[in-house]
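Dear colleague,

Please find below the structure that I am handing over to you. My notes on it follow directly after it.

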Amino acid sequence: MTRILTAAAIIDASGQSRGPSAITFEGDRITSVAALPAGASFDDVLVMPALANAHDHGRQVRTSSIGGFGKPLEIWLHRLQLFGPVDPYLAAAAPFGRAVLGGQGASMVHYTRAQGLTDYVSEAKVVARAAKDVGLRIAFGIALRDTNPLVYGDSQPILAGLSDAARAEVEGRFLSPPMSVKDQLARVDAVAEAIASPMVDVQYGPNGVQWSTPALLEAIAEASAATGRRVHMHLLETKYQRAYADQHFPQGIARHLKDIGLLSTRLTLAHCTWATPEDLAIIAESGATISVNTSSNLALRSGLAPVAAMLKAGCKVGIGIDGQAFDEDDDLLREMRLVWSLHAGWGFDAEVSTADVMRAVFVNGHRSVNSPVTGLIEAGAPADLLVIDRAALDDDALMPVDPVDLLFARGAARHLKESIVAGRTVALVGKVSGVDLDAIHRELRAQLRAGMADRESFRCVLPELETVICQHFSDRLGCC
Ligand SMILES: [Zn+2]
């Protein structure tokens, strides 16, 4: 099917915004882009590439709903146990639906919390089906971890600080023995066999250095080199993770990752909030991508990533939502503004430009999820496009203003008229096309509420666990 979009302007990674144009696409590919002659009519819209969310987990609902607001990562993570298992289709279709409403055409799904109601491969197939129904491109990163279930070190001192009841609850929920390295890697192969497609990229997803034995990370590095499969991993999200890295890898954590062969163009590192200039120089040299997750780092009290230093070092930077957008929605357009606002530089300093931010969501994020989108709107490129209501964006309409300025001043999901992924309309004026998102949310919330009773005993011991963990980290690095 051939379709022609006309637009007042095109914005893409070329850095040149173009005036009135016609974009023709057939199936999932753009076949031509042409400037319109003077006097030709066109829709009053801006067209730009669909955005890539370079780091996320496909989390079913907002975590402040389980009391997660303002909690540092090291206790927030345990609190996620309050989510009982639900139908994995609903748990995936809900965030995927919100993603396309938030301007995302492709998203990382670092699958750190399986529902576990069936075998893992069957659950992965259901997640892939949800992505297909919604029309979102995904990278499915299989979580891999085998150590440090409670804190970044021995669990015994934490358990010793708990009452008998709390200790039994925590042991039951967190201390089951991990799968072997061999079995974890075999699971990645089995999932890839079952769900990999042009719309679903399967990746190794080690949770992080502090949650992996050296044997696990080395085996992943080797397997990635052998298969060419990408790797997606958290790194240096919090100051406590920095302290762990410094203690265990005095030669420098980035140097260590390079030495074991994990650091390569195939690797995406989520966060790097506490990366040093030395780390950044090594990461830049390797060609790895960093996904910064600004809203998440604010919500979980993790810090402000050195985005300007990352760019100055030559790192490829993408932007992730990490299930914690600033308004706890999945609005990647607003996230672009937040990243620019916090990192552009003060006064007349110019450190991070709007072009840098657009390159992150138009180009680097897509590369890290292995999407074919190049960030350019041109013949031959995938038809992954956002259509933004220009008149709504410029509702004051006083004088001609660069649309990029308006996008960064006020652009948000509410300005999206249509989202197109691989030539298919996935969202139209605030409605997801492929699934009934309201019905999915209703059923999902009902299942989550029904599961809360089962979590009551854990909810009762959480304050005790959080106090002991807070004390553990406070003793090491000052108050958390
Ligand atoms: Zn994350």
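In which loop is valine 429 found? Valine 429 is in the loop between strand S16 (424–428) and S17; helices (H or I, at least four residues) and strands (E, at least two) are DSSP runs, numbered from the N terminus.

Please note that this is a predicted model, in which local features need pLDDT of at least 70 and side-chain atom pairs count only at pLDDT 80 or more, while totals for chains, interfaces and linings use all residues. Residues are numbered from 1 along each chain as its sequence is written, and side-chain values use heavy atoms, with hydrogens and water left out.

Backbone and sheet

Valine 429 has a positive phi of about 40 degrees although it is not a glycine. Most residues other than glycine have a negative phi. At 61% relative accessibility, valine 429 counts as exposed (buried means under 20% relative accessible area, exposed over 50%, partly exposed in between, with a 1.4 Å probe and protein chains only). Alanine 397, in the loop between helix H15 (390–393) and helix H16 (403–410), has a positive phi of about 50 degrees, and is not a glycine either. Alanine 397 is exposed, at 53% relative accessibility.

Strands S16 and S17 belong to an open sheet of six strands with mixed pairing, in the order S2-S5-S14-S15-S16-S17; two strands pair if DSSP finds at least two bridges between them. Strand S2 (9–10) and strand S17 (431–432) each have a single partner strand, so one side of each has no neighbour in the sheet. Within the sheet, strand S5 (residues 45–49) and strand S14 (residues 385–389) run antiparallel and are joined by five bridges. Valine 45 has aspartate 389 as its bridge partner in S14.

Zinc site

The zinc ion is coordinated by His55 (NE2), His57 (NE2), His234 (NE2) and Asp322 (OD), at 2.1 to 2.5 Å. Donors are N, O and S atoms within 2.8 Å of the metal (3.2 Å for Na, K and Ca), and sites may look incomplete because water is not among the atoms. The arrangement is irregular because the four donor atoms subtend angles of 85 to 176 degrees; four donors count as tetrahedral if all angles lie between 85 and 135 degrees, four count as square planar and six as octahedral if opposite donors are over 155 degrees apart and all others between 65 and 115, and anything else is irregular. The donor spacing in sequence is H-x1-H-x176-H-x87-D. Histidine 55, in the loop between strand S6 (51–53) and helix H1 (73–79), and histidine 234, in strand S10 (residues 231–235), are 179 residues apart and link distant parts of the chain. Histidine 55 is buried, with a relative accessible area of 0%, and histidine 234 is buried at 7%.

Nonpolar cores

A nonpolar core is a set of buried Ala, Val, Leu, Ile, Met, Phe, Trp, Tyr and Cys residues joined through side-chain atoms within 4.5 Å. The largest has 133 residues, of which Phe96, Phe140 and Leu257 touch the most other members. Helix H2 (residues 88–101) gives the most to this core, with nine residues. A second, separate core of 14 residues includes Leu5, Ile23, Phe25 and Leu385.

Kind regards
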